[in-house]
Amino acid sequence: MDVLFSSIDVRDLLSSPNIDDVNSPLSAPDLRLLIDRLQVCSVDIKSKVRQYILSHYSDFSTLFSQCSDVVSRSDYLSSQVSNLIQLISEHPVESQTKAVIDDIVIKNRELKEKRELLGLLAVILELSDRLRFVKEEIKAGRVEQAAEALKELKAVLLTSNDETAACEEEKQPLVYRLLKDDWTECFEEMQKVLLQCMDNAVWFEQVNNTLHLKYQLSISGVDGIELHTILKAMDAVGIMDYGLAKVADLMIKHVIAPVVSFRSTIMVELINQDSGNGAEANLKILPSADPNVDNIDGGSMYSVLVDVVKFISKSLCFENSTWMLCFGKLTWPRMSDLIVSNFLSKNVPDDASKLADFQKIVKCTSEFEASLKELMFIASSDGKDERLSKFADNVEVHFASRKKVEILSKARNQLLQSDFRLPEDCTRRNSKVKGDDNAESSSDLVVDLLFTSERCVVSEAASQLMKLVHGTLKDVCLSSPRVGLEFYNAARDSLLLYEAIIPVKFERQLDSINHSAVLIHNDCHYLSQEILGLAFEYRSDFPASMKELVVFVDLAPRFQMLAEEVLQRQIKLVIYNLKQAIDGAAGFQNTHQMKQYESAKLSIDQVIFILEKVYIIWHRVLLPSAYKRSISMVLEAVFSRIANDILLLDDIAAEETLQLQRLIHLLFENLSSLLDSVLAINQTGKLQESPAQTLDDLIPSLRKLHKLADILDTPLKSITAAWETGELVNHGFKQSEVEDFIRAIFADSPLRRECLRRIESTYY
């Protein structure tokens, strides 16, 4: 059969195989030849197919027979299905069967639900019976059995204690919530009964100072209930801490607090007796036989407290470690705080030399806590309960903290009480130069500056503050690293207190011209110099571990900046007042008129008055170098302002020049002592080592104002010659000022024009 599936190529049947060429189409003979050859091939194929079928006749016969069987079977099945469908349509059995099956399923579900409801009902009835049993047991006084039942019911009814309990409760059946409410009612009743029993079991008698502990109790008329049973019931229902809280408060208030507060006059007497109402244990507090006993290390107090804890362990907690730990958690925090506040903190040494004596207290305290651990009053594995030992072991820190507070308190009080009054004998005029044996100073407030050759007057507050700082740093050298570090911080903080308190306290004084502001400047300058020297003075004696931590140099720039800020504030204030006074002269115009002259003279008098006041304050207190710099700035501002106002006049009469000259001379005559004080500083002590400065160097406008007074009555040619020789330039005059001055004084003329031309043609 391969020939049937092989392709017949037409090119093989033609004489010319190229049939794709459009230029040579097939001819009629070629087509006839092609038809004949195709017919021959067809006949050949048919012959081969026939031979193939004949050779496989049996196979084809079997195949066709099987196909016939399949068709017949399909027809049979189709008829059978048709008959079944017809039968079902006439008799609907399947619908009845489905209904029966559904009914069976419903009955089974209902049966299961009823069984579950019966089981739930049985559980509810059992829980209800158990709750009823609890109530009956409580009324009968059998609290231990009732507590155990409540504990079991709690595990069943109260399974959730988280934040989702409220949401879950809303989804719970009503009966379940009713059972929970019933359990809560039983629990509250049990708690009420147990707490009432504890109130009856433990009470304090004020008259005899006796703590009574009763072992036989009664509930609802039922007598003979043991205290031990009550405690077991509280433990079972989980209210041990709540039940013992009132007892713990009673012990703290009436037993432990008096023992700790009056440890030398307290004794504990344990009395076991069997009264008519049953057995009792009494804790009686009596004064000591020797009220004058002074137990410094606290041994007797600790001994009494141990006896009290033993009484609690034996008589109240029945040596049950769990109950004892619970009572200890309620009592120990308050008890330890009382011991710390009333004993340990009060015995912290006030002097570093007494720290060794405190070790006896440390030893007694450690033994006391060890005894409490043996009695299970505090947990042996919990280091948080070792409060007393931690406090005692850190006594150095407590000592240092107390001293730090004392140092800062003392520094603060000194600064707040300071008034910055200047004693009459306390001026730098008496003693200007360090090392001058002839210097007269009867006060400690005249101090030497470490890094300059000057001395200055400081306030009593600054002097006392530095004494306090030096004393504190000396203590650092003699202390342990921990104590020394606290002292070092106290010294730094004391210095910073000056910066925080003084500028605020004397804010009003800083806004006026007075000696307080100058003293604050001196203080800050003095403190900055002292601070720079602290490390050099004490570092070598500091504990080794502190040498790299101790830093003071960062504080010095702060005080130096504060000193400069205060001084500049004073200078600006003085200059402002002087300019206000000069403004009263109205630019020195028309001084040839009597009224205007008097006004200008009054302004000059005000300037002189202000400068004399500044001289009196600054010269007495301010550092020589600071005084020279500050007064020079002030005088420069005054002289330059007066000179500029006069040079700005556009018309000056002949008589007016004389009046202006008179005003300038008046100013210089009254300021001669002030100018001499500036000049005298250059000739005092070690300041001579620097290049000498003249007044003209310090106050450039001084020579200008002097020269201006001279040229007010100078001929025009002389003024022009002075400009050409450079004399006026050397005195600070500008070309425009000279030209305007000439135009204001001299009338227009060929000579004036010639002189102005000569001045204009001369350049410098």
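## Packing of helix 20 and helix 22

In this predicted model, the crossing of helix 20 and helix 22 is right-handed, where a crossing is right-handed if the near helix is turned clockwise from the far one by less than a right angle, and left-handed if anticlockwise. Helix 20 spans residues 594–621 and helix 22 spans residues 654–670, and the two pack at an angle of about 15° with their axes 10 Å apart; the axes are lines fitted to C-alpha atoms, for helices over the stretch in contact, and angles run from 0 to 180 degrees between N-to-C directions. The pair is therefore roughly parallel, a label for angles under 35 degrees, as against over 145 for roughly antiparallel, 65 to 115 for roughly perpendicular and oblique for the rest. Helices are DSSP runs (H or I, at least four residues), numbered from the N terminus.

From helix 20, the residues Tyr597, Ala600, Lys601, Ile604, Asp605, Val607, Ile608 and Glu612 meet Gln659, Arg662, Leu663, Leu666, Leu667 and Asn670 of helix 22, with contact meaning heavy atoms within 4.5 Å. By class, this contact has 8 nonpolar, 2 polar and 4 charged residues (Ala, Val, Leu, Ile, Met, Phe, Trp, Tyr, Cys and Pro count as nonpolar, Asp, Glu, Lys and Arg as charged, and the others, Gly among them, as polar).

## Positive phi in two loops

Most residues other than glycine have a negative phi. Phe318, in the loop between helix 10 (299–316) and helix 11 (321–344), has a positive phi near 55°, and Phe588, in the loop between helix 19 (556–583) and helix 20, has a positive phi of about 60°. Phe318 is partly exposed at 28% relative accessibility, whereas Phe588 is buried at 2%; buried means under 20% relative accessible area, exposed over 50%, and partly exposed in between (1.4 Å probe, protein chains only).

Ser463 lies in helix 15 (residues 460–477) and is buried, with a relative accessible area of 8%. Leaving aside neighbours within four places in sequence, Ser463 is in contact with Asp444, Leu445 and Val458.

Leu485, in helix 16 (residues 481–505), is partly exposed at 32%, and the C-alpha atoms of Leu485 and Pro543, 58 residues apart along the chain, are separated by 9.4 Å.

## Cysteines

A search of the whole structure finds 0 disulfides, a disulfide being a pair of cysteine sulfur atoms within 2.5 Å. Cys41 is partly exposed at 25% relative accessibility, whereas Cys186 is buried at 2%.

## Basis of the values

Residues are numbered from 1 along each chain as its sequence is written, and side-chain values use heavy atoms, with hydrogens and water left out. Local features need pLDDT of at least 70 and side-chain atom pairs count only at pLDDT 80 or more, while totals for chains, interfaces and linings use all residues.
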